2 protein chains.
Amino acid sequence: MSSKLDIVARILSGRGTKPGEAGRAFAPANIALVKYWGKRDEELNLPVTSSLSVSLGALGSEVTIRRGHGADTVILNGETLPADSSFARRVSAYLDLFRQDSSMVFHLDARNTIPTAAGFASSASGFAALVRSLDQLFGWDLDARELSILARLGSGSACRSLFHGFVEWHAGEAEDGMDSYAKPLAETWPDLRMGLVVISSEEKAISSRAGMKRTVETSPLYTAWPSKVAEDLPEVRAALRERDFHRLGRTAESNALAMHATMIAAWPPVIYWKPESLAAMKRVAALREQGLAVYFTMDAGPNLKLLFERKDEGAVAAEFPALAVVAPFGEGRHAIDS
Amino acid sequence: MSSKLDIVARILSGRGTKPGEAGRAFAPANIALVKYWGKRDEELNLPVTSSLSVSLGALGSEVTIRRGHGADTVILNGETLPADSSFARRVSAYLDLFRQDSSMVFHLDARNTIPTAAGFASSASGFAALVRSLDQLFGWDLDARELSILARLGSGSACRSLFHGFVEWHAGEAEDGMDSYAKPLAETWPDLRMGLVVISSEEKAISSRAGMKRTVETSPLYTAWPSKVAEDLPEVRAALRERDFHRLGRTAESNALAMHATMIAAWPPVIYWKPESLAAMKRVAALREQGLAVYFTMDAGPNLKLLFERKDEGAVAAEFPALAVVAPFGEGRHAIDS
């Protein structure tokens, strides 16, 4: 079995090891339309299935990294994190993979261009930006596949945040995960919109990582998940090719519901929904019955991400007044509204 | 393929056919601890899996049946139902199975000893009582297995309402369903209590029958349901044998959640939960974390049925003020409280 260090050594073999002045990079957040849910390898973040996401354009993380002194410092949105905070420890553990000796420490400054409270996962864009900034700092000049693999070692879905637009993470089959990385798709969809309905920005009682693990280990319905993904991936690819919005929305919503269903059947149950989540889900279904082309997806949390097209933005926003609208392909209003 | 009429003819062959004065019988409502969810035969109500329920003692349906004149009349709780109401039509269609000629009509008076609005299914107890009353009226003198099969033809779960206490419906394998009927278990549990939390008594937007069918046909997770039931049945049997309340509660709650999970993954999704259902579910989980031995089960609707023991009735009722408490084995307070 390979360890993270083995993989890093293999990828960096023959590459630069002398850090330069600094590295700085941006990576977008991403929302999966076909979810990543379940690992076949906990250490290497190897997924049970492939997944497919859309990146959020200018919304993501910017990371600057320099050599530091004494101990790692991690600044997030202008605030220095305590060294024993869970995020700082996670970053330091990841940086351990790249130190040439124990005296090599880093100074990392991360800034999210997406409100942290908005409930979009920032670990994906954060680790993707970190990998790109390390590539610059050390002058590795890695290719997209290698960067994606390194990002995956930090956070599974980070491998998708290396790219803009629609991105597919190929699960791969190799035990060392060298064939498990993301690739961008050719399709674009300038009129696609994603609207965030924030139900709660409290920290989750169960982390995504823990919820995923418990589901794989205890949910009797999880066995059916891989075939659901195998059905949904070609559906989404076809929907993108044909720009068929209903096909895209239906598949994404159904995939998210099936993911949550696998959790609900875990023991103890993993229920990220709050009563207000369910109310919002029912509102989306009711709007659709009234003829509005709107669907939702949900990650391991209580918030909804609505999918609709530019022409319906007004109608959707009228029903969800606090909606934050994102244009993944950057046309028109592409910053978060609220 | 057998039709309902074939089955009835086979069971009644050589039995009395001359109706007497009247038939009158009571049958209890029942709540499944391991659910019946999915048919392998829509006509004969043959289930995909076995199921296991507890009957609700004195709460159920009492049916009196007599020969009538002109057309069937169906009285429910003292009110004559319009002949074209869905319940009256369903009853008449069922009675068609037993008419010797088209001039044979019936006068049926059904009374539920359980508030109809309370959300307990009354079709199970109703059809079970109807079968018993027909047996009296015609003087068939059928055995329990035969009565259970006839009840199943009216409503699947009615085959379990023939009996008090814990009851297992054996799915059977025969195409004609002659091995698909319910049998009572020997175990009792005088201290077991069931508490009804009424979230809504509105009619469901999707009937159980339709929700079940859509789940079987469209939910990718339904394929895993039979093995979930195969795990849970021996767990519940063992819990009853050992009177292990936590084992019983955990298995029943997990089974109900898995059933709802299969629906949530159907398309369009079948979501019987209301926001208030989810809030009550979370309240039960929180109480359990505080040390109270309480679990829930849910059927194809928004209401919760809490499971607890007699000693905890005060504590549970304090948290759910409108709780209606049932003692399935009739000890102590066994009528519905509200």
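Here are some friendly notes on the two-chain model above, point by point.

1. **Ground rules.** This is a predicted model, in which local features need pLDDT of at least 70, side-chain atom pairs count only at pLDDT 80 or more, and totals for chains, interfaces and linings use all residues. Residues are numbered from 1 along each chain as its sequence is written, while chains are lettered from A and ligands numbered from 1 in the order in which they are written.

2. **The interface.** On the chain B side, 22 residues are in contact with 22 residues of chain A; contact means that the C-beta atoms, placed from the backbone, lie within 7 Å. Three elements of chain B give two or more residues each to this side: helix H6 (225-242), helix H7 (245-264) and helix H8 (275-289). H7(B) has the largest share, with 7 residues. Helices here are DSSP runs (H or I, at least four residues) and strands likewise (E, at least two), numbered from the N terminus. By type, the chain B side divides into 14 nonpolar, 5 polar and 3 charged residues. In that count, Ala, Val, Leu, Ile, Met, Phe, Trp, Tyr, Cys and Pro are nonpolar, Asp, Glu, Lys and Arg are charged, and the others, Gly among them, are polar. The copies meet through the same surface, because 100% of the interface residues of chain B are also interface residues in chain A.

3. **The nonpolar core.** The largest nonpolar core has 206 residues, and those with the most contacts inside it are Ala261(A), Leu306(A), Ala261(B) and Leu306(B). Such a core is a set of buried Ala, Val, Leu, Ile, Met, Phe, Trp, Tyr and Cys residues joined through C-beta atoms within 7 Å. If you click on Ala261(B), look for its contacts with Leu221(A), Ala261(A), Ile264(A), Ala265(A) and Leu221(B), leaving aside neighbours within four places in sequence.

4. **The sheet in chain A.** An open sheet of 4 strands runs in the order E11-E12-E10-E13 with antiparallel pairing. Its edge strands are E11 (295-297) and E13 (324-326) of chain A, each pairing on one side only, and the twist averages 30° from one strand to the next. Strands count as paired if DSSP finds at least two bridges between them. E11(A) and E12(A) (residues 304-309) pair over 3 bridges, with Thr297(A) opposite Lys305(A). Helix H7 of chain A packs on the sheet, touching E11 and E12, and its direction makes about 40° with that of E11(A). Helix H8 of chain A also packs there, touching E10, E11 and E12, at about 15° to the direction of E12(A). Axes are lines fitted to C-alpha atoms, for helices over the stretch in contact, and angles run from 0 to 180 degrees between N-to-C directions.

5. **Strand E10 of chain B.** This strand (residues 192-197) is largely enclosed by the rest of the structure, since 6 of its 6 residues are buried. Buried means 20 or more other C-beta atoms within 10 Å of the residue's own, exposed 12 or fewer, and partly exposed in between, with C-beta atoms placed from the backbone. Leu192(B), Met194(B) and Leu196(B) point one way, and Arg193(B), Gly195(B) and Val197(B) the other. E10(B) pairs in the antiparallel sense with E12(B) over 6 bridges and with E13(B) over 3 bridges. Leu196(B) stands opposite Lys305(B), and Met194(B) opposite Val326(B).

6. Gly60(A) lies in strand E4 (residues 51-67) and is buried, with 26 other C-beta atoms within 10 Å. Among the residues that Gly60(A) touches are Phe26(A), Thr113(A) and Ser161(A). His107(A), in strand E7 (residues 106-112), counts as partly exposed, with 16 C-beta neighbours inside 10 Å. His107(A) touches Arg66(A), Gly68(A) and Thr73(A), not counting residues up to four places away in sequence.

7. **Helix H4 of chain A.** Here 9 of the 11 residues (144-154) are buried, so the helix is largely enclosed by the rest of the structure. Its buried residues pack against H1 (4-12), H2 (86-95), H3 (123-138) and strand E9 (181-184) of chain A.

Conventions
Contact = placed C-beta atoms within 7 Å.
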